[in-house]
Amino acid sequence: MNYLVGAFKPPCNIFISFTDGRSRKQVPLKKENGKTVMVALFQSQENIVGEVVIEPIHGKKVEHNGVKIELLGQIELYFDRGNFYDFTSLVRELDVPGELYERKTYPFEFSTVEMPYESYNGVNVRLRYILKVTISRNYVSNIVEYQDFVVRNYTPPPSINNSIKMEVGIEDCLHIEFEYSKSKYHLKDVVIGKIYFLLVRIKLKNMELEIRRQESTGSGPNTYVETETLAKFELMDGAPVRGESIPIRLFLSPYELTPTYRNINNKFSVKYYLNLVLVDEEDRRYFKQQEITMYRNLEAS
Amino acid sequence: MIADGVEDEEKWLAAGIAGLQQNAFYMHRALDSNNLRDALKYSAQMLSELRTSRLSPHKYYELYMRAFDELRKLEMFFKEETRRGCSIVDLYELVQHAGNILPRLYLLCTVGSVYIKSKEAPAKDVLKDLVEMCRGIQHPVRGLFLRSYLAQVSRDKLPDIGSEYEGDADTVVDAVEFVLQNFTEMNKLWVRMQHQGPAREKEKREKERSELRDLVGKNLHVLSQIEGIDLDMYKETVLPRVLEQVVNCKDEIAQYYLMDCIIQVFPDEYHLQTLDVLLGAFPQLQPTVDIKTVLSRLMERLSNYAASSADVLPEFLQVEAFSKLNNAIGKVIEAQPDMPILGVITLYSSLLTFTLHVHPDRLDYADQVLGACVKKLSGKEKLEDKKATKQIVALLSAPLDKYNDIVTALKLSNYPRVMEYLDSETNKVMATVIIQSIMKNKTRISTADRVEALFELIKGLIKDLDDAFHDEVDEDDFKEEQNSVARLIQLLHSDDPEEMFKIICTVRKHILGGGPKRLPFTVPPLVFSSLKLVRQLQGQEENPFGEEESTTPKKIFQVLNQTVETLSNIPAPELALQLFLQCAEAANDCDLEPVAYEFFTQAYILYEEDISDSRAQVTAIHLIIGTLQRMHVFGVENRDTLTHKATGYSAKLLKKPDQCRAVYACSHLFWVDDQDNVKDGERVLLCLKRALRIANAAQQMSNAARGSAGSVTLFVEILNKYLYFFEKGNPQITVAAIQSLIELITTEMHSDSSTPDPAADAFFASTLRYMEFQKQKGGAIGEKYEPIKV
């Protein structure tokens, strides 16, 4: 569609801008074409205020059946390409049908917009927020312009944040106890912990901690699960003996993590895991995966 | 295979160095352009080369050193970076983002060093974090090097007393805690090396481990450099903690090396004050640990410390160093039943040296040590182990060296008992050492008891100790040994005749068992030493009380007689004869006629029965004549018997010239200047005439056998005798007799058959010249000579 619009050279340019655009925080957003652009950042319950400028190309007349702006929250599942599920859709009429001869500015405002979900760009799923301006026309296709923006929601630190402590092992082979100081981490947090070796009968080579992201999309039989390893962090080099304790200190900030998303609009979930992997000299891997909850903390961001 | 291994290793090292240099190059570029992100990236890549497992510790060290140099540059950069406003805390976090642990920890240590310097956080916290994080490296070699790097960068940043990093929160306790922890972890890694890898490479592994030991030991060195460790702290914290680690690691190599380290790096006075604790650790070590060396070094150090200043000696007494060491050694020996005897002896030897230095006045200590040694040796065969016997020699030499006085050593009752465990060869060596010590120091051994003890010690030289046949003994060595024994006998002396006599008897008792090879060496000095005593007694008045017990020359002579007799049995008749004659002369001086006669009789019997070699006979007969001539105790009868015999022997010598000379020598037996009763001119003349006859016969025999007359030497000699008696006023020697003898000689000299003999000619000429000279002298002698025509 955009392609066609380009080919026929739309008779006007449309600009969408936010009133507080200059002061508002910008964050990078990856577009479909692979390019990263900087877009405005919002959170839920904010007022989204701005203006739309329509500028006909040198004196061309634009006939229309009305101009409107929509705020859309969409979930796009890649295996179901082309189908967007709009979980949020707000419309403001900007103009009644008529003709445009010259540059015209339309202010708009969406007050205290409920945007419960965060923007997300995953492997199989994308959740995005857009402002869509449509100039409806008779006989010819409508003129449409989009403006992406990003939503991030902050949560207060959890009141209960237990440590993860666990004893695992293979009988008569390997017995370890590990401990992560927390089960819930904010995005710039540090994973602190320890691994105690209670019994080591196999020759270990090294040990690492992985951060894994599991993204599940769809539901029922059509569930797609995609797991990515976002970080491999070596914790230990060499073979420990019984009684050793190895410290863990993993800074999360270098990795591009998001909060944990649980069942977003019944469409998808994103979960995070810490995976402790022990590798022996024959490159056999022994691992134990623990889910952690990620959250976005206002102070830390 | 092995060669390949080495070659491969070289290749890997080269590859490692290349990779390191390449990344270092990019790192430098990043440093130059102040690009922190790149600097971190490339330094981490550079350090990744250290993750290799393919290099031996030696080669790995090479790689490590290169990385170390590069890290110094990086550290400078970090310092500048903080000056430029980059927060050190951020930097400390940033380096921890590295995914690989080894580069991460090297970087962390490097930044940590800058962090401490910045003083933005207490040094102890940073140090604690670093030493804790380093636990992530469990690979022994990599871990050891990493921790050694940590030790290296932190050593000038410890919160020691007086250091700029000392503060309210940072005390020397923290510094000690840090070093101890790093030490403990390093030791664990080091010990673990032993148990990793296949069993067949054990030797290689041990070699590699010993290459790495200084990395571990360096921590102890760092500890010893911490000013703030005073004695209390050392006693309460440092030593117990270090020892705990040493004992618990249960590793032979580590225990040996670390104990030695402790002893070497910490001050002597600390050792002295913590002897209990330190020594308590020894019995807990593995049974295979070479404790003797370590303990010896400790004692050596303490000995030197004691020797360094007299002020410290009270400290030794105060802590009862000796008994503690003694106990510890006992316990160690008990704990290590397999310890070779060499080890035991080495230990005692060191302890002895120690006690000699520290308690020179406590002979009982030294004896105690020797006693313990004996106890340990008992129940064992004689020592075969060369090294062990060498150690015993060292052990036994120590008191001699220290006291320079065998007398002191003789007080040690266990001394000879230790010697018994030596093989005969070593026993001899030891005996020689003892004798040399005596001679060097001119020690006077002046009681019979000590002599007894001394001979007990050196019995290796005095008699054959075992039945084994030692034909391999070098003749020269044997002579050397026996000569030294002879010299020793001469040195034994007491001013008290009673005691001296006892000494003589003791020596005699010992040497008589020496066998035929030794007696010729040992008897003469004993005889002379006895004769010395005789002469000493002779100078004194006869014992006024006339006690039975007292030593008289007579008693001595009895002993002498028996002693010399043993020589004739060996047989060594010539020597025995000489000694008999010596004794006879001494008896003569004591006016003991029967004794002297007895000695002569013995000498004569020897001459008759045992001396058959004609050359020996000649020597003997001259000795007899000479001695007899000097005797003055004999009555006429005895003298006649003896002189008659002597003359008879002379005439029976084999060769005519010998006969001739012996006979004219006999003439002196009848004419003794200072004895008026022995002036028998007639018999003198008889002897001389007889000598002339024999000379004549000799001349004829020579003529008959070789066709030429012999030399006239004999005649000239006889002429000289004539002249002697002539001058002495023997009435039987007339001018006519002399005159005819001169003519005889002249004729002989000019006869055709005579062989020219320049020596004889010169002799004769000078005899004539003498006569001329006497003539010209005038006076009584001149008148006497006047009638002789030359």
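Analyst: In the hairpin formed by strand 2 and strand 3 of chain A, five residues lie between the strands, and Gly34(A) takes a positive phi near 90 degrees. This is a predicted model, in which local features need pLDDT of at least 70, side-chain atom pairs count only at pLDDT 80 or more, and totals for chains, interfaces and linings use all residues. Residues are numbered from 1 along each chain as its sequence is written, chains are lettered from A and ligands numbered from 1 in the order in which they are written, and side-chain values use heavy atoms, with hydrogens and water left out.

Strand 2 covers residues 26–30 of chain A and strand 3 covers residues 36–42 of chain A; strands here are DSSP runs (E, at least two residues), numbered from the N terminus. The two pair in the antiparallel sense over five bridges, where pairing requires that DSSP finds at least two bridges between the strands.

Gln45(A) is not a glycine, yet has a positive phi of about 75 degrees. Most residues other than glycine have a negative phi. Gln45(A) counts as partly exposed, at 43% relative accessibility; buried means under 20% relative accessible area, exposed over 50%, and partly exposed in between (1.4 Å probe, protein chains only).

Definitions and conventions:
Helices (H or I, at least four residues) and strands (E, at least two) are DSSP runs, numbered from the N terminus.
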